[in-house]
Amino acid sequence: MFERLFKLKEHGTTVRTEVIAGVTTFLTMSYIIFVNPDILSTTGMDRNAIFVATCLAAALGSAVMALVANWPIGMAPGMGLNAFFAFTVVAALGFTWQQALGAVFISGIIFLFLTVTGVRSWLIAGIPHSLRSAIATGIGLFLGIIALKNAGIVVDNPATLVGLGDLKQTGPLLAILGFFVIAVLDALNVRGSILIGILVVTVLSMFLGVSEFQGIVSAPPSIAPTFRQLDIMGALHGGLVHVILVFVLVEVFDATGTLIGVAKRAKLVEEGKPSRLGRALLADSSAIVAGSLMGTSSTTAYVESASGVQAGGRTGLTALTISVLFLAALFISPLAAAVPSYATAPALLYVAGLMMRELTEIEWDDLTEAAPAALTAIAMPFTYSIANGLAFGFVSYVVLKVCTGKWNVIHPATQLVAALFIVRFAFFAE
């Protein structure tokens, strides 16, 4: 059956190799089942329902990737957009989480349309490489400041806006320890280093009495508090147009870049070789819509899938293994509920650091490329908004190119996005 579904011999792999690859990828990305509920529950959403929605969205997305595209790529609610959902759309802009879910649903429908019509490929081809790298870097910095704040390492300071917290407190100390555990294990190539770091801090917090042990295994909680609770009309009429634009743009860059990057490592996308990229993009788009219905932020392809490819994964059986393991994770909800915010903060901070590697891809020698990229990356954490970073980057890119006589190198896609953000500031300012 597996041979017929996944063409294992054609890809030079076996069931055993694919299963091992799936387990490897799951261990590297499973931290999301602890981190996502911790972030989204700050909006007032039910934490247990988010846990279930996270597992189900990851399982469904990975299964669709396996059966439709036959690619070894795991999917789950994405880092960055979940923070934008919680801390910008709901906390800063004041929208309800139901409206935010409605915006995710609409962005998924738009994303699906862009994929089917081929516009998605046009957008990707037209966005400058420096801006793409800056977006990843900026999202990393955004996650970084959120992580430091959640850990109590960075605190509010009326004189300087931000300041250093009390590092003698239990929370910050455990967060610092968790970061070093993750970093050391990852440097030693230990699979699941982020997950291990989260669990180490959680167990220590229980021994120290600052977190309560609630058990490990139980029946999955109800998903009812978030299932189909999205407010689509509220999103359309509530001034969330620019938020939808951000969801779409980040998904276009992030998910597509991840899919292509991991697929190239697995040699699934090569010059002159038939590719299932279109099916993979379709699976990715469909998962966003399904995830919003379940009650979680945008689902996306995970770059951690590269670890599974390195372990030999070449087909959808790897993704199907990931899907099954996320379903099995539904039964560890008591453990997930016991994870404190300063246990997930090190994971956020470490992922933020990894995302900042994109800085090396920016064309620093060309100021018309470097300046917009720098503005993009800086604006995201300092304005606490991915949307503002995107707007600063695209608008400044067009302005600088035009003013230096390089207007002819600006792709129409970049011009369109810049124009949309100008309209956003003119008519949809917060």
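## The Glu 369 and Lys 401 pair

In this predicted model, Glu 369 forms a salt bridge with Lys 401 (a side-chain nitrogen of Lys or Arg within 4 Å of a carboxyl oxygen of Asp or Glu), and their closest N and O atoms are 3.1 Å apart. The pair links distant parts of the chain, with Glu 369 in helix 18 and Lys 401 in helix 19, 32 residues apart; helices are DSSP runs of H or I with at least four residues, numbered from the N terminus.

Glu 369 is buried at 7% relative accessibility, where buried means under 20% relative accessible area, exposed over 50%, and partly exposed in between (1.4 Å probe, protein chains only). Lys 401 is also buried, with a relative accessible area of 3%. Salt bridges that share partners join Asp 366, Glu 369, Lys 401 and Lys 406 into one network.

## Other salt bridges

The count comes to four salt bridges. One of them joins Asp 366 to Lys 406, with the closest N and O atoms 3.6 Å apart, and Lys 406 is partly exposed at 32%.

Asp 38 forms another with Arg 47, at 3.4 Å between the closest N and O atoms. Asp 38 is buried, at 9% relative accessible area, whereas Arg 47 is partly exposed at 22%.

## Cysteines

The structure holds zero disulfides, a disulfide being a pair of cysteine sulfur atoms within 2.5 Å. Cys 55 is buried at 0% relative accessibility, while Cys 403 is exposed at 64%.

## Basis of the values

Residues are numbered from 1 along each chain as its sequence is written, and side-chain values use heavy atoms, leaving out hydrogens and water. Local features need pLDDT of at least 70, side-chain atom pairs count only at pLDDT 80 or more, and totals for chains, interfaces and linings use all residues.

Terms used:
Helices (H or I, at least four residues) and strands (E, at least two) are DSSP runs, numbered from the N terminus.
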